[in-house]
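Biologist: I would like to go through this model and ask what stands behind each term. Please show it first.

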Amino acid sequence: MSQSSASQQAAAPGSAAVFLPSKDFAAKARIPSLAAYRKLYQESIDDPEAFWAGEATELLWRKPWSKVLDWQEPFAKWFDGGKLNVCENCVDRHALGPRHNKAAIIWEGEPGEQRVITYGQLHRDVCRFANVLESNGIKAGDRVLIYMPMVPEAVVAMLGCARIGAVHSVVFGGFSSEAIYDRLEDSGAIAIITADGGWRRGKVVALKPAVDEALLKYRKIQRVIVLRRCGNEVAINPDIDVWWHDQIATASAKHTPKAFDSEHPLFILYTSGSTGKPKGILHTSGGYLTGTYATCKYIFDLRDEDVFWCTADVGWITGHSYVVYGPLANGATQILYEGAPNHPDFGRFWKMIEAYGVSIFYTAPTAIRAFIKAGDAFPAAHDLSSLRLLGSVGEPINPEAWTWYHHHIGGGNCPIVDTWWQTETGAILISPLPGATPCIPGTASLPFFGIDAAILDESGEECGPNQDGRLVIRKPWPAMTRCIYNDPERFKKTYWSDFPGRYTTGDGARRDEHGNFWIIGRLDDVLNVSGHRLGTAEIESALVSHPAVAEAAAVGRPDEMKGQAVAVFVTLKANFSESESLRQELRNHVGHMIGALAKPDDIHFAPALPKTRSGKIMRRILKELVCTGEVTGNITTLEDYTVVATLQRNIAR
Ligand code: PRX
């Protein structure tokens, strides 16, 4: 592996290292210099509609739009009057042209099977599946829940829904039956696409049983389509369950896609907020596709000859935007991998990069930190010289992880795009452009074209350089969420009520004197655990649903690997007593109510929780306690401040 660091410059103000794009990279990039970025950025901010319309024209529209943007704050309509089919844009456009025999998906199962699916094949698969959906009575506008492992059929399922205008709601395979039930109930889904199971760390993780359990309570499902992936035994209910392979066997590989309105709903993806109930983030068609297409094109500088690999699961927004819609809209070749990064060992990703000649690799800081811990020998054993660009997403990437990634994976030669965005934003909003932006470890750097990002203080004034404040977006953009499904009031309150006309991201940030955005983290009651969003209220409501728990408070504490770990304080009801087995039971209970990813790392039993005189739990104090072991702030507003001393003693034990 090359160790050259020719692109590294002298220390920047504030002594952070600066990595300039290499001349070679810049020469071939779409945006080849910072000056070119600044010029185009200014134009795009002066007239965002012109910029976005230019990008949208590169897609296939069946009917042109009459208006680029109809903005009735906070409700946006992009490309109104226009009609398109998202699936046709991602598949047919390539399959019926020169990319017909180009690999769309190179898939590897965890046990090692390999499949290469060309655009031509993907087209046939998607057409068959669209016919299957229709023959099972699923229509445009119906909601379909997808609960699948990372197999090509998950992508086919999403695209099949998009093709017929059904609205998919993908639920990450790590969520529990209760979480499935909540999402079914909220979305009113009428069909489910699932699998018997998926492979993870050498074991079959069953999926169908969680669906079955959710359906004991939810009665509106008319059809469950089950993919046989692992061959584990599953119960089949002949009234509603059908096997994927049986259905496909007789389905035609021809299907004519209908055109849908630009604002036709494409998907709902649930994410955590500051209340116990996850929010159904709604994304629509034309704008979302324009946003994911354009960001993929410029930020990953994606080319026909690239092999792109975004390691996210399709259950998260990153999987939607940069596994399915963005890369496929660009006609890219991409890698899809089913299993764990450390199976059979921590060399799996590097082995795959070498085997498939991956040129662009996009992953999360939490994974990078796990690789660092596993040791340099794993990447060193593989030829990673095919890589030309690296990406990071999900949480701030600490400079140590950035530097390791740059050196050990990128061989010192690859720019790193630290991409900031959210489920709600649909596409990347702040990121370096790899041929243009000087990369400084730890900053997501500059806003994408058309994105008017700013940092405001509490009074709504723009902060000066290096002053911490709240990150907002001041102009609408095409991939923005249109609403919280069925809850416009919550949508307005959550995102649009802090500062009139500004989208509130919920993140704290500062801008340095060069205009780079440094993301500090969430300001609301949302935790970021291994790059996954969890609401403290969600964890608390799971805990209090256990018969032993009277009250619960969840806070985040820094964790070297996960970024944040979940610490909870629990007070028990009178006839229950503290024990190690109860602690375990509570962890499992949260796992049952939400999913294993939400299981608390620390459970502190507490005789009482610190509260204000009006009865509000003071999480600030709990947070300080778990982070530092003590409380320094003013506690005189507490109803009973002896509580703090007790908690402090308990934590120290
Ligand atoms: O706090 C920010 C953090 O992840 C949050 C969004 O989470 P989610 O909707 O699950 O989407 C994650 C994948 C896009 C943000 O509010 N975040 C995301 N990317 C970054 C980040 N924090 C710092 N740097 C990033 N690059």
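**Sheet, helix and cores**

Modeller: 7 strands make up an open sheet of mixed pairing, in the order S7-S6-S19-S18-S20-S21-S22. Strands are DSSP runs of E, at least two residues, and helices are runs of H or I, at least four, numbered from the N terminus. This is a predicted model, in which local features need pLDDT of at least 70 and side-chain atom pairs pLDDT 80 or more, while totals for chains, interfaces and linings use all residues. Residues are numbered from 1 along each chain, and side-chain values use heavy atoms, without hydrogens and water.

Biologist: What makes S7 and S22 edge strands?

Modeller: Strand S7 (114-118) and strand S22 (416-419) each pair on one side only. Two strands pair if DSSP finds at least two bridges between them.

Biologist: How do you know that S6 and S19 pair?

Modeller: Strand S6 (residues 103-108) and strand S19 (residues 333-337) share 4 bridges, in the parallel sense. The definition asks for at least two, so the two strands count as paired. Within S19, Gln 334 is the bridge partner of Ile 105.

Biologist: Why is helix H6 said to pack on the sheet?

Modeller: Helix H6 (residues 152-164) touches S6, S7 and S19, contact being heavy atoms within 4.5 Å. Its direction makes about 30° with that of S7; axes are lines fitted to C-alpha atoms, for helices over the stretch in contact, and angles run from 0 to 180 degrees between N-to-C directions.

Biologist: How do you know that the span of helix H18 agrees with its number of residues?

Modeller: The expected span is 1.5 Å times one less than the number of residues. Helix H18 (residues 580-593) has 14 residues and should therefore span 20 Å; its end C-alpha atoms are 20 Å apart, which agrees.

Biologist: Which residues of H18 are buried?

Modeller: Leu 582, Leu 586, His 589, Val 590 and Gly 591 are buried, that is, under 20% relative accessible area with a 1.4 Å probe, protein chains only. Their cover includes helix H17 (536-544) and strand S30 (549-559).

Biologist: What is called the largest nonpolar core?

Modeller: A nonpolar core is a set of buried Ala, Val, Leu, Ile, Met, Phe, Trp, Tyr and Cys residues joined through side-chain atoms within 4.5 Å. The largest has 168 residues, and Leu 159 and Tyr 325 have the most contacts inside it. H6 gives the most to this core, with 9 residues.

Biologist: Why is this core placed between domain 1 and domain 2?

Modeller: Domain 1 (118-265) and domain 2 (526-652) both give residues to this core, so it lies between them. The bounds come from an automatic or database domain assignment.

Note on methods. Buried < 20%, exposed > 50% of the residue type's maximum accessible area, 1.4 Å probe, protein only.
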